[in-house]
Amino acid sequence: MAGRDRVVHLLTQLASAACRCPAHSNTFHQGVGAATCTVRKTDYAFEMASSNIRYGDGVTAEIGMDLQNLGARKVCVMTDRNLSRLPPVASVLASLSRSGVTYKVYDNVRVEPTDTSFKEAIQFAKREAFDVFVAVGGGSVMDTCKAANLYASRPDADFLDFVNAPVGRGKPVTGALKPLIAVPTTAGTGSETTGVAIFDYEPLKAKTGIASRAIRPTLGIVDPRHTLSMPERVAANSGFDVLCHALESFTALPYHQRTPCPPNPLQRPAYQGSNPISDVWSRHALAVVAKYLRRAVRDPEDVEARSSMHLASVFAGIGFGNAGVHLCHGMSYPIAPGAPSVVSGGYSVEHPLVPHGLSVVLTSPAVFTFTAPMCPERHLEAAQILGADTRQVKRADAGPLLAEVLRELLFSLQVEDGLVAVGYGTEDIPALVRGTVPQERVTKLSPREQTEEDLCRLFEASMKLY
């Protein structure tokens, strides 16, 4: 068989085995041939990108040698005030000292950062002229450090230049930044693997962010020891972020249906839509969550469970870092910064807070009920991975089944009973919808298009969970 014929034959086999649901029936063979974006509206390619990841019990001890190997002369260590007193930061600083690395600590990172807190960190980085950055913390710390690295390397840029459109200008980041090593201390955001930095944009009372492969960490050091200090609710909310990262990336619009097709590879977004490689990571993350999340929350000394969730965060991060998320995250962005009630169990903060993972998961039953008709097979598969018996379930019941599986999980982990429990009411729905509409970078990756009326109904359905 000639080479080209063999390729066509293999791709035909892939097509015959592909998911036949409405969102995925337009199978992957579309990218074959000399197709270019000058003649097509949808994309035809996807690109995999991730930070280098090093995993191991106690592996943080190596970071000083890493900085020596990079020739670091002046290192910025970013963390938050609570973590600055805890073992993860102490172990990083001890390693730097043993290796004779010069550093300065910035510990003013805000949990759930804002444009203001980003700018404060950026100014610190600009003043000091660091040549390497180290982030020790959860997603808030890693995202703040990414922003500080970006704008310190582009000192003449306006803050909104690289912020996602339509809030900002969404300019592409060209050229290299300084090396950034991320040391995650929670098992949730996966920020050590991605080129995404999320913050609350205070003028709109909604989350937005910066998305570019250029800002992803050079190296993620994943040390399971650091997760043992997570309080119960932090472990739960971080785990919900892993869960939704995996579910949303697995059910996202397929990459070859995403528009527009970029005229230049530099303009292909980090969030590209579901694809065969991200699917592998997302499926595996779901399986780990199903097995270990409850254990990791209920027993902080369960090293196996907490270590496994730490890895699941990485797996889901690689999955969603290339496929993207959709409605759960898009709808969460106005929930967290605008919440009138304080929900901060386990978080040492002085400001009102709905933790990110909680704000994401509260809408998940309604969201996956809504999206299931577009790719019921994927929703059924996700429900099965999470423990449901799907053998006698009809495709039309995929959404309700997955929603019920999620409700049972959330109830078992004592999650608040919907948006009402964090201070929202039906009178807040118009504002929540207004805060979601600008999040088109992620909402457009939903397999099912949505109107403002659809969003109203989804928020209404999320007011109560049980």
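In this predicted model, isoleucine 221 sits in strand β8, which spans residues 219-222. Is this residue buried or exposed? Isoleucine 221 comes out at 0% relative accessibility, so it counts as buried, the cut-off being under 20%. As for what surrounds it, once neighbours within four places in sequence are set aside, isoleucine 221 touches Arg54, Val59, Thr60, Ile63 and Asp66, plus the run of Ile181, Ala182, Val183 and Pro184. Take isoleucine 181 from that list: it lies 40 residues away from isoleucine 221 in sequence, yet the C-alpha to C-alpha separation is 7.3 Å.

Next, a helix pair. Two packed helices are described by the angle between their axes and by the distance between those axes. For helix α9 (residues 327-338) and helix α16 (residues 452-461), the axes come within 12 Å and cross at roughly 75 degrees. Angles of 65 to 115 degrees count as roughly perpendicular, so that is the label for α9 relative to α16. On the α9 side, the contact is made by Leu327, Met331, Pro334 and Ile335, while α16 brings in Leu455, Leu458 and Phe459. Sorted by class, the contact of α9 with α16 has seven nonpolar residues, with no polar and no charged ones.

Finally, the cysteines. How many disulfides does the structure hold? The count is zero. Among the cysteines, cysteine 375 has a relative accessible area of 0% and is therefore buried. Cysteine 456, which falls within the residue range of α16, is partly exposed, because its relative accessible area is 29%, a value between the 20% and 50% cut-offs.

Technical notes:
Residues are numbered from 1 along each chain as its sequence is written. This is a predicted model: local features need pLDDT of at least 70, side-chain atom pairs count only at pLDDT 80 or more; totals for chains, interfaces and linings use all residues. Side-chain values use heavy atoms; hydrogens and water are left out. Axes are lines fitted to C-alpha atoms, for helices over the stretch in contact, and angles run from 0 to 180 degrees between N-to-C directions. Helices (H or I, at least four residues) and strands (E, at least two) are DSSP runs, numbered from the N terminus. Angles under 35 degrees count as roughly parallel, over 145 as roughly antiparallel, 65 to 115 as roughly perpendicular and the rest as oblique. Contact means heavy atoms within 4.5 Å. Ala, Val, Leu, Ile, Met, Phe, Trp, Tyr, Cys and Pro count as nonpolar, Asp, Glu, Lys and Arg as charged, and the others, Gly among them, as polar. A disulfide is a pair of cysteine sulfur atoms within 2.5 Å. Buried means under 20% relative accessible area, exposed over 50%, partly exposed in between (1.4 Å probe, protein chains only).
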